[in-house]
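I opened my notebook for a first look at a new structure. Come along while I look things up one entry at a time.

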Amino acid sequence: KAQRGEVARVIFHCCSQEVAFNPFYALLSARVCAADRECRFTFNVVFWETFKELKSLPLNRAACVAKLLAQLLSRNALPLTTLKVVAWHDLGTRSVFFWQVCLIELLSGDQSGLHEAVHPLHAPKFTTLR
């Protein structure tokens, strides 16, 4: 039980070490997130840590992590609040590449999960975001 959060870190690490993105890690991550709330939180923390390190990530690792994030967001395995720590006003070249890959993957994939994730933003309290 004490090592449940480590499962998310191991999956994330394995995915980021691949030469090309392997969709298996996205499926496995989504299942783990659905089964265990602690793993879902650990994925959030791991992504937050990665957002801070984007300037130093190799391109293939950045691409794999960006695609994993996009898959998890589109499958509604992670909430959009995962993106709350991103400093959108201060993106470097590597960060722009990361977010470009992520958004292209997110918008070119299955839209049903994405629609569910974005639906709460239609509430009146979020009118300033639209």
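Which residues are buried in helix 3? I found Cys39, Thr42, Phe43, Asn44, Val45, Val46, Phe47, Trp48, Thr50 and Phe51 buried there. For my notes, buried means under 20% relative accessible area, exposed means over 50%, and partly exposed is in between, with a 1.4 Å probe and protein chains only.

**Ground rules.** I am reading a predicted model, where local features need pLDDT of at least 70, side-chain atom pairs count only at pLDDT 80 or more, and totals for chains, interfaces and linings use all residues. Residues are numbered from 1 along each chain as its sequence is written, and side-chain values use heavy atoms, with hydrogens and water left out.

**The overall plan.** I counted six helices and zero strands in the protein chain. Both kinds of element are DSSP runs numbered from the N terminus: helices are H or I with at least four residues, strands E with at least two. Read from the N terminus, the order is α-α-α-α-α-α. I also noted that 41% of the 130 residues count as buried. Among contacts with a separation of 6 or more, 74% join residues 24 or more positions apart; a contact means heavy atoms within 4.5 Å.

**Helix 3.** I went back to this helix for its length. Its 16 residues reach 23 Å from first C-alpha to last, close to the 22 Å expected at 1.5 Å a residue. The expected span is 1.5 Å times one less than the number of residues. I then looked up the partners of its buried residues, and they pack against helix 1, helix 2, helix 4 and helix 5.

**Helix 2.** Here I checked residues 23–35. These 13 residues should span 18 Å at 1.5 Å a residue, and the end C-alpha atoms are 19 Å apart, which agrees. The buried residues are Tyr25, Ala26, Ser29, Ala30, Val32 and Cys33. They cover an arc of only 165° around the axis, which puts them on the same side of helix 2. The arc is taken over the directions from the helix axis to the C-beta atoms. On the other side, Arg31, Ala34 and Ala35 are exposed. The buried residues pack against helix 1 (4–17), helix 3 (37–52) and helix 4 (59–74).

I also stopped at Phe24, which lies in helix 2. Phe24 is partly exposed, with a relative accessible area of 49%. Phe24 and Leu68 are 44 residues apart in sequence, yet their C-alpha atoms are 9.8 Å apart in space.

**Helix 5.** Which residues are buried in this helix? My list reads Ser95, Phe98, Trp99, Val101, Cys102, Glu105 and Leu106. Seen down the axis, they fall within an arc of 160°, so they line one face of helix 5. The face turned away from that buried side carries the exposed residues Thr93, Ile104, Leu107 and Ser108.

**Ala62 in helix 4.** Is Ala62 buried or exposed? Ala62 is buried, with a relative accessible area of 0%, and is found in helix 4. Leaving out residues up to four places away in sequence, Ala62 touches Leu57, Phe97 and Phe98. Its C-alpha is 9.0 Å from that of Thr50, twelve residues apart along the chain.

**Aromatic rings.** I counted nine aromatic pairs. Rings of Phe, Tyr and Trp (its six-membered ring) pair if their centres lie within 6.5 Å; planes under 30 degrees apart count as stacked, over 60 as edge-to-face and the rest as tilted. Phe41 and Trp48 have ring centres 6.3 Å apart and planes at 85°, so this pair is edge-to-face. Ring pairs also link Phe12, Phe43, Phe47, Phe51, Trp88, Phe98 and Trp99 into a cluster.

Most residues other than glycine have a negative phi. Asn76 lies in the loop between helix 4 and helix 5 and is partly exposed, with a relative accessible area of 34%.
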